[in-house]
Amino acid sequence: MLFATTILSAVAAGFMAQLVDGSLGMGFGTITMTFLLGLGIAPAVASASVNVATIATGAVSAVSHHRLQNVHWPTTLKLGIPGAVGGFAGAWALASLTRLDAATPVTSAILIALGAVIVWRFVKGSGAGHGPIRSGFAMPTGLVGGFLAAVGGGGWGPVTMPITLTTSRLEPHRVVGSVSTAQVFASTAAVIGFWLAVPETLTVLWPLVVGMAVGGMAAAPLAAWLTRKIPTAKLGSTIGMLVVALNLRTLLGNFSVPWPVVTALHLALAAVWALVLVGPRRRAAAEAERVGAEPVEAEA
């Protein structure tokens, strides 16, 4: 009974994680890694299991995003190929881990700042899609994202999404589709790296992997569709707020901040997010009212 409940929990975790990840470009690794670590599973085993599940969910997500024209393939390849190199290297590093988290607070602080920039840009109405598409930052972004995804199980989206969204000039739904598709490269390489690095001691938790994969694959088409339906300003600002929230959690965790303070900060962040979502609607209503109030020239 307990085993069946755990498998069902894995399916639910995979579904919710992919629903968030497939529509916002991040979250699958973070949510499922948290789920597995909460069960007392060792980090290397948990990360390998998450990356195996990510291959299955990512493949379905990639097909779904491609069919909906959410993927910009040049950006995807420039993210994915270096991401594979980073994922392979990260797997080997985690397998022989002594300490790799010294730079975590700095990385989290930088990503929080990037998330805030994304929110500001979309709230001000200058988010993406202006000017020629740029991909100069894609290769180093993919390399770092792939490495962190292998080491932490959930570093791909929180790294690649904010950087790609702020530098590429792609529309948010195309950034989500491109990042989600490129993740398949990084996760596949990470799994190969784990299996080559520790072939005798590493165990992938197949029942939980299958559960998370089934839930994730079921959610992938819906998530890709949601990406196209969410208005650009709201999608972009929500991605920015999610980047801030995920990295704020990581940053505070490195300094043993009391849970009431952490809770209060996240509630404040949720309140700001609600105001950000309402902002575009209020501006549109004010603009409509202004246009409607403009004087009409009298007929002769």
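**Nonpolar cores and helix packing in a predicted model**

In the largest nonpolar core, which has 25 residues, the members that touch the most others are Phe35, Leu36, Ile41, Phe194, Leu208 and Met212. A nonpolar core is a set of buried Ala, Val, Leu, Ile, Met, Phe, Trp, Tyr and Cys residues joined through side-chain atoms within 4.5 Å; buried means under 20% relative accessible area (1.4 Å probe, protein chains only). At least two residues of this core come from each of H1 (2-24), H2 (28-38), H3 (43-67), H4, H8 (172-197) and H9 (206-229). Helices are DSSP runs (H or I, at least four residues), numbered from the N terminus. H3 contributes the most, six residues. Another core, of 23 residues, lies apart from it and includes Ala138, Val176, Val179 and Ala186.

The model is predicted: local features need pLDDT of at least 70, side-chain atom pairs count only at pLDDT 80 or more, and totals for chains, interfaces and linings use all residues. Residues are numbered from 1 along each chain as its sequence is written, and side-chain values use heavy atoms, without hydrogens and water.

Beyond its neighbours within four places in sequence, Met212 is in contact (heavy atoms within 4.5 Å) with residues including Ala10, Phe28, Phe35, Leu36 and Ala53.

H8 is largely enclosed by the rest of the structure, because 19 of its 26 residues are buried.

The axes of H4 (73-95) and H6 (138-152) come within 6 Å and cross at roughly 35 degrees. Axes are lines fitted to C-alpha atoms over the stretch in contact, with angles from 0 to 180 degrees between N-to-C directions. Residues meeting there include Pro82, Gly86 and Gly90 of H4, and Gly142, Gly146 and Phe147 of H6.

How values were computed
Buried means under 20% relative accessible area, exposed over 50%, partly exposed in between (1.4 Å probe, protein chains only).
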